[in-house]
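Hello,

I am handing over the structure below. Please look through it before reading the notes that follow.

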Amino acid sequence: MPKSLPPDTPLTPSLVHRLWMAGVIPAGKYAEALDLARDDHIWAMWGRRMVLALAVGQILTGVVFFFAYNWAALPGLAKIGMVLAALVACALASRLPLPEVVRGALLFAAALLVGVVWAVFGQHYQTGADFWGLFALWAALILPWAATQKSPIMWVLWLVVAQTGLGLFMATQAAADRLPEITFAALPALALLAFEARTERIPRWFGLTALTAVLGIVTVLSIIEVIGDADTLSLPWTGTAGLLAVVAVTVLRAWRTRRDLGALSLAVGAVCMVIVAVVIDAVDVWMLSALLIAGLFAAAVSGLNACRVRS
Amino acid sequence: MSAPVKVLLDRYATDAPSLPPDTSTPWFLIGLASIGAILAGAALMMALVLLLEGADMTPEALGMVCGVIALGGGLVIGLMGKGLFLNQFSTTGAVAGQVLLAGSIFEYTDSAAAAVVVAWAVAGLAGTVLRDPLQQFLSAAVAMGATCAWVLDAETGVGLPLMMVCAVPLGLAALFTPPRRLDVRPAAYAVLIVPLVMFEPLVTTYPLQVMGALPYAAGAVWVLWPALITPARTAVAVACAVAFTGLAPGVMGALLLLAVAWRMGNRTVAGVGVIALLAFVVRYYFDVDVTLLTKSGLLVAGGVLTLGLWMVWRRMAT
C-alpha cells in the first residue's frame, strides 16, 4: 500500500488519478476506480436541479416571446390578464406542499413575471414612463418575496433588477448628478454585509459574487481617480477609499478566520489592477513596466500561496 | 485512511510505490497568476516589438522572431522557475509563442498545413517540457483550432465532421485509459471541446452537422453506460441522443461534456458543459426560422418536455 497516504484522505477523482500514475490501479481499471470515487447522490441532485432550471428557463422565455410577438388579434387587457393569471398561479402554487426546490422555482418564475406584467402594461398603454421606474417598481414589488423566501437565487434576481434600475436612473436622470458614483456599489455592498453577518447561513458563492461586484465598481472608480481626472467625479477619492476599506476588511477576515483565500485573492487582484494601471500610466519604458508588473503579481501570488500553506 | 480509500486499495492494490505529490492549486491563485502573467507578457512583447522595429523586418519575420523568443523564454522559465507565477508566465510565453509562430508560418508560406504542423509540434514540445495542465490545455486547444481551420479552409465539406469522428474517440480514450507517464487529460479536454465550439457555427449544411454530432452522441451513451443499467434507461438515452442529434447537433456535444464531467467527477468540466448546453440551446432557438409566436410555442413545449424529464428522473431517484 502507498506509504505516503495521510490518514483520513478522502477518496476523490484526483486521488484516483494519483494512484493510477503511481501504478496502484491495474491497467483497464481506471474508469472503474473513478466510479468508486464519485458521489453519485450529489451529482444526481445537481443534474436534476440543472434540468429543472432548463425547463423553467425555457417556459419563462416562451412566455416572454409570446408577449414580445405583440399579437394584434389579442386585446391588451387579455394579454395583461394572462400574465397576471400566470403570475398569481405561480405565486399560489409556490405555497403548496411541494419540494423546496419546486417552490423556489415557482416563486422565481412569479418574480420574473412581475417584470413581464409591467412590460406588457407599458406596451399596451404606452405610458411613456422611464425604464428605470419600471425596474424600480419591479424591484419594490418582489422585495417581500426575496425577504421572506431566504433564497440566494431570489436575492440575486432582486439585486440584478434593482441594480439595473439604479444604473438606468444614474445614467439618464438629471437628478442623479448629485449622487456620487460610489452609490452604484451600495446594493452589492449591502449584500456583502448581509453575507458577512450570516456567513454560516448564506452560501459562499453569494458572498463571492457580491464581493466581485463591489470590487469591480470601486476598482474602476479608483483607476479613474488615480490615473484619470478625479475632479470629473461627483465625490472624488471615494472609489479608492472604498477599495481600501473592502480590502482591509477582507484581509482582516482572512487573517482572523485563516480561510476564504478566494475572497482575499479577489481583493489582492483588485489592488494589483489599480497598481498596474498606475505603472502603465507612469512608466514610459515597456521593459520596466513588464518587470514591475511581473514582480507585483509574483509577490501577490507568493504571499497568497504562503497564506494557503499556513492555513 | 478513510473507508472509501481502503475499499479502493483493497480491491486493486498490491505493493505500490509512494504517490506522486499533489500539485493541485486553487483556481483563484491560478487565475490571479494568469492575469499577471498575461499583463506582464503583453508589456514585454510590446517592449520586444519596439526593440525590433528598427531592424527592417517583414511582419512575418517579426512575428517569427517574437514567437521564437516568447516560446524559448517560456520554456527556459518553465524549466528553471519554481513557483506559481513563473509557471503561468512560462505558460503565457509558450502559448503566445505557439500562436505567433504558427500564424507567421501561415502568413509566410501561405500553407495552413505547415502552420498546423508547427502548432502541434510546439504543443508537443511545450507539453512534454513544462508539464503544466493549463499550458497543455491551451496549447492543444490552439493546435486543434488550427487543425479545424485548416480542414475548413480546404472546403471539403465533410472534412470537419470526419475529423470529429476521429477526435471524439481519441479524446475519450485519453481520458478513460490515460497513459501513466504523462497526464494528458487537459489535452484530451481540448480535443473534445475545440471542434465542438467550431463545428456548428462553421459547418452550415444540416446533414454534415448531424454527421459531426453522431460521434458525440455515441460517446455520451458510451460514457453514461454504467448508469444505463436497465433497457428502459438505455432506450430513453438513445432516443434523447437521436432527437438532439437531429434537432440541435451542438447540444449533443454539450451533453457529452456533462457526461464526461459526471464520470470523471470533474466540476470544472461540468461548468463548461452547462455553458455549452446553454449556448447551443439559445443558438437553436435563435436560428429557428419561425415567428416569435411559434418560437414561443416551441420554447414552452421544450420546457414542458424538460419538466417531464425532471419529474421522471425525480421519481426514479425516490
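**What was found**

Setting aside neighbours within four places in sequence, B:Ala190 has contacts with B:Phe137, B:Ala140, B:Ala141 and B:Met144. Please bear in mind that this is a predicted model.

B:Ala190 is also one of the residues with the most contacts inside the largest nonpolar core, together with B:Ala119, B:Ala220, B:Met252 and B:Leu257. That core has 90 residues. Helix α11 of chain B, residues 249–264, supplies the largest share of this core, at twelve residues. Another core lies apart from it and has 89 residues, including A:Ala111, A:Val114, A:Ala185 and A:Leu266.

Next, the contact between the chains. On the chain A side 68 residues take part, and they meet 61 residues of chain B. Five elements of chain A each give two or more residues to the side that touches chain B: α1 (13–21), α2 (30–37), α3 (40–68), α11 (261–282) and α12 (286–310). Of these, α3(A) gives the most, with 15 residues. Sorted by class, the side of chain A that touches chain B is made up of 47 nonpolar, 13 polar and eight charged residues.

Last, the domains. Chain A is divided into domain 1, covering 1–38, and domain 2, covering 214–311. Taken over C-alpha atoms, the centres of domain 1 and domain 2 of chain A are separated by 40 Å.

Regards

Technical notes:
Residues numbered from 1 in each chain as written. Chains lettered and ligands numbered in written order. Predicted model: local features only at pLDDT ≥ 70, side-chain atom pairs only at ≥ 80, totals over all residues. Contact = placed C-beta atoms within 7 Å. Helix = DSSP H or I, 4+ residues; strand = E, 2+ residues; numbered from the N terminus. Nonpolar A, V, L, I, M, F, W, Y, C, P; charged D, E, K, R; others polar. Core = buried A, V, L, I, M, F, W, Y, C linked by C-beta atoms within 7 Å. Buried ≥ 20, exposed ≤ 12 C-beta atoms within 10 Å, placed from the backbone. Domains from an automatic or database assignment.
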